[in-house]
Each structure stands twice: as structure tokens, then as C-alpha cells.
Amino acid sequence: MKVLLFNGSPRENGCTFTALSEIASALNKRGKNFAHKPVAVIASARRAGTTATLDTVSKYLGIVQMPVISSTYWNMVHGNTPEETKQDLEGMQIMKNIALIMAWILRCIEVGRQSGITAPTAEKTVWTNFIR
């Protein structure tokens, strides 16, 4: 399975890395050779600010036709260090569930492709200008 995990944190091996590692670990236990690219946005914070981050980043994905993967709660972890992040058992469980859902979606896409179902072609964008 080819998956790109993007760590937008300035701390290369920090809390976001820890959360992404949990997702990678769970995904590595699943199948291989899927070409579509569903995406999951996750956020990590010491205390707060993650919901605004999730909202902002997710909006950009909604305009480029990427299936956005959700979980069983907001896609975030909390902690000031990787060790603290690992202690956020709820957050780490959410990361594992993201991986489970991501793997399932990727398998569904592959089965659809094998059955002759192709991705839709978007219509040409119609721009509306309300300033008249």
C-alpha cells in the first residue's frame, strides 16, 4: 500500500510524528498496491487549537476531490512530548481507527476498480460572480 504521511510540525520527531507513526504501523499490517489517495487530516497539540487546524486543512482537501477519512472522534492527539502523546490513549485509538478506515476505503476502491467502476470525471468549473 502506498501512503504519504505528511508531518507539518516543526518538530521532526515530536507528537505529530508519534501520531503518524501509529497510523503507519496499523496501515503496514494491511494490503498493498492501491493507487487512489484518500486522505486523513490529523492534528497534535499540547492543549488546544487542534479543532481549528482540522477545520482549516480539511477545507483545502474538499476542493481537490480527495476522499477525507474520519474516525470515531476528532482526528487529534494531545501531549507535549512523544511520550505524553503515547499516553493519550483515546487519541492513539483514534489514530488506529483512522488506519482501519483508511485501509477499508482503499480496499473498496480497489475492488471497485477491478469491477470496472472508475473514478468520476468532474465537470468543468462554473464560476459564479455575485457582484453585478
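The numbered points below take the background first and then one residue at a time.

1. This is a predicted model, in which local features need pLDDT of at least 70 and side-chain atom pairs count only at pLDDT 80 or more, while totals for chains, interfaces and linings use all residues. Residues are numbered from 1 along each chain as its sequence is written, and side-chain values use heavy atoms, with hydrogens and water left out.

2. I69 sits in the loop between helix 2 (50-62) and strand 2 (76-78), where helices (H or I, at least four residues) and strands (E, at least two) are DSSP runs numbered from the N terminus. With a relative accessible area of 5%, I69 is buried, the classes being buried under 20%, exposed over 50% and partly exposed in between (1.4 Å probe, protein chains only). Leaving aside neighbours within four places in sequence, I69 is in contact (heavy atoms within 4.5 Å) with P38, V39, A40, N75, I98, I101, M102 and I105. For V39, which is 30 residues apart from I69 in sequence, the C-alpha to C-alpha distance is 5.8 Å.

3. D88 belongs to the loop between helix 3 (82-87) and helix 4, and, not counting residues up to four places away in sequence, D88 touches M76, V77 and H78. Although buried, D88 has no salt bridge, meaning a side-chain nitrogen of Lys or Arg within 4 Å of a carboxyl oxygen of Asp or Glu. The nearest side chain of opposite charge, K96, is 11 Å away from D88; Lys and Arg count as positive and Asp and Glu as negative, whereas His and the chain ends are not counted.

4. Q93 lies in helix 4 (residues 89-114) and counts as partly exposed because its relative accessibility is 48%.
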